[in-house]
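Please open the model in your viewer and keep the selection tool at hand. The tour below goes from stop to stop, saying what to select and what is there.

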Amino acid sequence: MSDKEISGEVYYPSKDVIKNAHIKDWDKLNEKVSEDYLGFWAERAKELHWFKKHSKVLDDSNKPFFKWFVDGKTNISYNCLDRHVNTPRKNKIALIWEGEDGEHTTMSYFRLHKETCKFASILKSLGVKKGDRVTIYMGRTPEIVIAMLACARIGAIHSVVYGGFSVEALHERIEDSQSRVLIVSDGAYQKGKIIPLKDIADEALQRAGTVEHVLVIKRTGQAVNMEQGRDMWYHELMNLPIVTNNCPVVEMDSEDPLFILYTSGTTGKSKAILHTHGGYMVGTYTTMKYVFDINDEDRFWCTADPGWITGHSYIVYGPLLNGATVFLYEGSPTFPYPNRWWQLIEKYGITIFYTAPTAIRGLMRFGESWANRHDLSSLRLLGSVGEPINPEAWKWFYKVIGKEKCPIMDTWWQTETGMFMIAPMPCVPLKPGSGTRPFPGIIMDIFDEAGKPVGNNQEGFLVIKTPWPAMVREIYNDKDKYIEQYWSKFPGFYLTGDSAKRDEDGYIWVIGRVDDVIKVSGNRLGTAEIESALVSHHSVAEAAAIGVPHEIKGNAIYCFVILKQGIERTEGLIEELRNYVSHEVGPIAKPESVEFVDSLPKTRSGKIMRRVLKAKVMGVDPGNLSTLEE
Ligand code: WTA
């Protein structure tokens, strides 16, 4: 695409940025990939280690249950570690970590490999086998990375539950996955306080009966309850002679499960998205390399939590597959002062910095001076993910942090996609607020209600038309729901749940969710989770949750509650309900507002009409009310 053809406000990459980039010409690559899509992915797979090569790149004979790298045998953990340990990268720093309290550590590939083997041998000694589920509930410390890699090494399926979730969310995820082992830390530091993860886990375990062993990692050191016969300190086990740092890797089929990760969907409980060793590995490896242009000199920092897909794909797997140096920070950006992140970029010489619009907006309000007192000249690329980035935040990020020399990789993707789907590369001209075009070879479209493509600049349902290697394979143990949720509205096409527009240059502008998912500070929450927490409170008869625009969080949660008969509407009860949701689901789900009402707008079939509620809060016309019952 020549410069002249692009309309609107465009930021062109400088020659410097492209000079050493893996991909210097997006259009050329796109053309090549489009000619031989499967050949492109087969080539990428070749860059990784396989115990046995695939016999077929893609098996699409049983849609929408696609299989990638059929019959291939590999192991993603082997590719993240062993593959590098056999090269000069052995001594390279794999992981740099800093705690909120200033404690820090670095680990070479050699050491990370050893630690992973030790962790894996402990899991094995607890009876964990290929295919078993292991729940991980921790803060951001090196052990969470090691625990994930250790599970993958022995073929166990990890299910990481974000440390910002609470009792009921953890309980539900343990029970649904039928995990026999829970890995938990005693606590995590956040904004100078301790989140008592082990205490929360104890409460969740009272409700969930499947867990036989709890492996406790010491981080904060406060007193915790250790249940005899169930709970064990990791550091004590590490000293036992059974622990070996030579734990053999299990050869996995490409399509063997790697992990499940719960995420909110349209209805009901959260769903376990299943990813596999082969396709997910090739997808995250390639997108990391091409979009973030990772190479050996880089120090890459993704500020997400390992408990979200962003952390899985672009803190742990994508970077380590590429042999990169990853930075992990435990705390929050504003503690003790709003310069913490900028200080860390300077201290560690971060070259690629990947964060979320909500964080940028949150830091923007403290002004430029916090960033300006640090030397951020090591940065060469920036990234954004989680929700649409408003142009104002984009420009602040570009100017104040990137000093107008670092392109911003605005990456659109989902837990389900596993890897970037719409994203630029450093050589691509950028428009603030658009992730530019789909990754080469991936065909996406925007449909109207009837499944017809809409015209340029018209809003519609964003769909994906081609399979991709890191795609979700199923909702764990629920194939029907997988079909219903993603492949039934427009049969044959993957429904993203987002609405979007496409401009005359083919750039896609994602607008937001069109289903009952709320993005709060980039975190994905389902209205159903919040509502079911509310109705489990003894004074609540019915509840509805919606997202309303919020300057920093993107969306805030607003709840409507019908109280049981005889319960008095008080300010105190509003506070109690907000705290109750926070305790049950997690602080990230705490409603901004709770409003008491006598009834909720419903369709004749009993579905809550959230759009009517939203219109009410925002003081706008609710639109067509013909399906409203009362
Ligand atoms: C939203 C996060 C606009 C979108 C990786 C998607 C985005 C949902 C972007 C998935 C972006 C993510 N621009 N919107 N760059 N990235 N989203 O599963 O609504 O937590 O459907 O995965 O986040 O959220 P999830």
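In which loop is Pro-64 found? Select Pro-64 and you are in the loop between β1 (56-59) and β2 (67-70), where helices (H or I, at least four residues) and strands (E, at least two) are DSSP runs, numbered from the N terminus. This is a predicted model, in which local features need pLDDT of at least 70 and side-chain atom pairs count only at pLDDT 80 or more, while totals for chains, interfaces and linings use all residues. Residues are numbered from 1 along each chain as its sequence is written, and side-chain values use heavy atoms, with hydrogens and water left out.

**Backbone stops**

Most peptide bonds are trans, and most residues other than glycine have a negative phi.

With that in mind, select Gln-178, which is not a glycine and yet has a positive phi of about 55°. Gln-178 lies in the loop between α8 (167-177) and β8 (181-185), and it counts as partly exposed because its relative accessibility is 43% (buried means under 20% relative accessible area, exposed over 50%, and partly exposed in between, with a 1.4 Å probe and protein chains only). Next comes Lys-191, in the loop between β9 (188-190) and β10 (193-195), where phi is again positive, near 50°, in a residue other than glycine.

**A helix and a pair of strands**

Now select α13, in which Arg-340, Trp-341, Trp-342, Leu-344, Ile-345 and Tyr-348 are buried. After α13 comes Gly-349, with a positive phi near 65°.

Move on to strand β21 (residues 444-447), where Met-444 and Ile-446 point one way, Asp-445 and Phe-447 point the other way, and all of them are buried. Show strand β22 (residues 460-464) beside β21: the two run antiparallel and are joined by four bridges, and strands are said to pair if DSSP finds at least two bridges between them. If you select Ile-446, you can look for Leu-462, its bridge partner in β22.

**Salt bridges**

Select Glu-474 and Lys-479, whose side chains meet in a salt bridge of 3.0 Å, N to O. Glu-474 is buried because its relative accessible area is 13%, whereas Lys-479, at 43% relative accessibility, counts as partly exposed.

Then select Asp-498 and Arg-513, which form a salt bridge with the closest N and O atoms 3.6 Å apart. This pair links distant parts of the chain, since Asp-498 is in strand β23 (residues 494-502) and Arg-513 in strand β24 (residues 508-513), 15 residues apart. Asp-498 counts as buried because its relative accessibility is 6%, while Arg-513 counts as partly exposed at 21%.

For the last stop, select Lys-198, Asp-202, Glu-227, Arg-230 and Asp-231 together, and you will see residues that are linked in a network of salt bridges.

Definitions and conventions
Salt bridge = Lys/Arg side-chain N within 4 Å of Asp/Glu carboxyl O.
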